[in-house]
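The following paragraphs give a guided reading of the model displayed below. Please keep the sequence and the coordinates in view while following them.

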Amino acid sequence: MAIYITTECINCGACEPECPNTAIYEGGANWALGGNTYGPDDAAPSGATGYWSADYFYIVPDKCTECATFHDEPQCAAVCPVDCCLPDPNHVESREELEKKVEYLNQIDPSRLR
Ligand code: SF4
């Protein structure tokens, strides 16, 4: 399951530098994966929809692995002062799927890592 940021977000930006996958973007910003850049009207490679925000930090489901293989818990949720980083019921994945996602992301976009 990916994590998503709710409209309770206060735009403090604490989460963004904590994400090992650079899956978090400021509201209104384009996001990138594998050398491609995506805007609000572009389809995500996975077909994910409804995650982009012009107003709040947002998490790209194609890049979020719930921090699997990096940390024991989602780092964005751990640092969020208003607890607005929550499991996304629209993008549910098993631990096995998340680990495969890490492998896939490592192949197509190793430069995303921080
Ligand atoms: Fe990034 Fe981890 Fe938060 Fe997903 S759960 S957005 S991988 S910090």
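Glutamate 8 touches Val82 and Cys84, residues up to four places away in sequence being left out of account. The model in which these contacts occur is a predicted one. Glutamate 8 sits in the loop between β1 (3–5) and β2 (24–25). Its relative accessibility is 55%, and because exposed means over 50%, glutamate 8 counts as exposed. The C-alpha atoms of glutamate 8 and cysteine 85 are separated by 9.3 Å, although the two residues are 77 apart along the chain.

One of the contact partners of glutamate 8 is Cys84, which belongs to the loop between α1 and β6. Is cysteine 84 buried or exposed? With a relative accessible area of 4%, cysteine 84 is buried. Beyond its neighbours within four places in sequence, cysteine 84 is in contact with Tyr4, Ile5, Thr6, Glu8 and Cys9. For cysteine 84 and cysteine 9, a sequence separation of 75 residues goes with a C-alpha to C-alpha distance of 6.0 Å. Aspartate 83 is likewise placed in the loop between α1 (75–79) and β6 (85–87). Aspartate 83 is exposed, its relative accessible area being 58%, and has a positive phi of about 50 degrees although it is not a glycine.

Asparagine 21 counts as buried, at 1% relative accessibility. Its side chain is joined to that of threonine 65 by a polar contact of 2.9 Å. Leaving out residues up to four places away in sequence, asparagine 21 touches Lys63, Thr65, Phe70, Leu105, Arg112 and Leu113.

Asparagine 21 also takes part in the surroundings of the ligand. Which residues are the closest to the ligand? Of the 13 residues that surround it, the closest are Cys19, Asn21, Cys64, Cys67 and Cys76. By class, the shell around the ligand divides into nine nonpolar residues, three polar and one charged.

A further residue of the loop between β1 and β2 is asparagine 11. Asparagine 11 is partly exposed, with a relative accessible area of 36%. Apart from residues up to four places away in sequence, asparagine 11 touches Asp55, Tyr56 and Phe57. A polar atom of the side chain of asparagine 11 lies 2.9 Å from the backbone oxygen of aspartate 55, and a polar atom of that side chain lies 3.3 Å from the backbone nitrogen of phenylalanine 57. Asparagine 11 and asparagine 106, by contrast, are 29 Å apart in space, C-alpha to C-alpha, and 95 residues apart in sequence.

The nonpolar interior can be considered next. In soluble globular proteins, nonpolar side chains tend to be buried together. The largest nonpolar core holds 15 residues, of which Ile3, Ile5, Ile24, Ile59, Cys64, Cys76 and Cys85 touch the most other members. Another core, of 10 residues, lies apart from it and includes Trp31, Tyr38, Ala48 and Tyr58. Isoleucine 3, a member of the largest core, is in contact with Ile59, Cys64, Glu66, Pro74, Cys76, Cys85, Leu86, Pro87 and Asp88, its neighbours within four places in sequence being set aside.

What remains is the chain as a whole. The protein chain contains two helices and six strands, and from the N terminus on its elements run β-β-β-β-β-α-β-α. Of its 114 residues, 40% are buried. Among contacts between residues at least 6 apart in sequence, 76% join residues at least 24 apart. Along its principal axes, the C-alpha trace spans about 35 × 35 × 25 Å. How does the radius of gyration relate to that of a compact globule, and what value is reached? A compact globule with 114 residues would have a radius of gyration near 13 Å, and the protein chain has 13 Å, so the two agree.

Notes: Residues are numbered from 1 along each chain as its sequence is written. This is a predicted model: local features need pLDDT of at least 70, side-chain atom pairs count only at pLDDT 80 or more; totals for chains, interfaces and linings use all residues. Side-chain values use heavy atoms; hydrogens and water are left out. A nonpolar core is a set of buried Ala, Val, Leu, Ile, Met, Phe, Trp, Tyr and Cys residues joined through side-chain atoms within 4.5 Å. Buried means under 20% relative accessible area, exposed over 50%, partly exposed in between (1.4 Å probe, protein chains only). Contact means heavy atoms within 4.5 Å. Helices (H or I, at least four residues) and strands (E, at least two) are DSSP runs, numbered from the N terminus. A residue is near a molecule or strand if one of its heavy atoms lies within 4 Å of it. Ala, Val, Leu, Ile, Met, Phe, Trp, Tyr, Cys and Pro count as nonpolar, Asp, Glu, Lys and Arg as charged, and the others, Gly among them, as polar. A polar contact is a pair of N or O atoms within 3.5 Å; within protein, one must be able to donate a hydrogen and the other to accept it, and residues adjacent in sequence count only if both atoms are side-chain atoms. The radius of gyration is taken over C-alpha atoms; the globule rule is 2.2 Å times the number of residues to the power 0.38.
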